[in-house]
Amino acid sequence: MIQFSVFTPNRLGRLHDLIGLLSTHGAHVLALMVLDTTDSAIIRVVVDDPDAARQLLVREGFPFTESKLVVVESNSTELSKLMAALLEAELNINYLYSFIPHPQGKSLVGLSMEDNDMAEQALRRHQFRTLRQTDISR
């Protein structure tokens, strides 16, 4: 799954501008995380239409990078099992964040991993469902 990391000055209204831009052009935000410092912020966002989002970010001059996330279905009672599966595979989690609720009502967790392929294999061995961009795209 594609994650955009948008780099922006840390000033009032910048998140509003980004979310507004995406939503008015039909790219729905599915997950969001903001990391801020005094002067700058990194807005990590997953959308249902990454091609449209990419074009908008370029056109509007938002500096960004793209990376891949492992996205897995999990509920609160399964988090320990999910962490155990990744520990068993000796995989480090760089960071994680939850998605805005999925239309089918299942909770989704986005994981930035040191090795996405190995992480997906380990999670599938433990009966976790990992999602692809096509699973959430329109």
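Modeller: One definition to begin with: a charge sits over a ring if NZ of Lys or CZ of Arg is within 6 Å of the ring centre and within 35 degrees of the ring normal. The model is predicted, so local features need pLDDT of at least 70 and side-chain atom pairs count only at pLDDT 80 or more, while totals for chains, interfaces and linings use all residues. Residues are numbered from 1 along each chain as its sequence is written, and side-chain values use heavy atoms, without hydrogens and water.

Biologist: What sits over the ring of Tyr95?

Modeller: The charged end of Arg44, 3.8 Å from the ring centre. Lys81 has its charged end over the ring of Phe128, at 5.4 Å from the centre.

Biologist: How many aromatic pairs does the structure hold?

Modeller: Two. Rings of Phe, Tyr and Trp (its six-membered ring) pair if their centres lie within 6.5 Å; planes under 30 degrees apart count as stacked, over 60 as edge-to-face and the rest as tilted. Phe4 and Phe64 are 5.7 Å apart, centre to centre, with 70 degrees between the planes: edge-to-face.

Biologist: What makes the pair of Tyr95 and Tyr97 stacked?

Modeller: The ring centres of Tyr95 and Tyr97 are 6.4 Å apart and the planes are at 15 degrees, so the pair is stacked.

Biologist: Why is Phe4 called buried?

Modeller: Buried means under 20% relative accessible area (exposed is over 50%, partly exposed in between; 1.4 Å probe, protein chains only). Phe4 has 0%, so it is buried. Tyr97, at 6%, is buried too.
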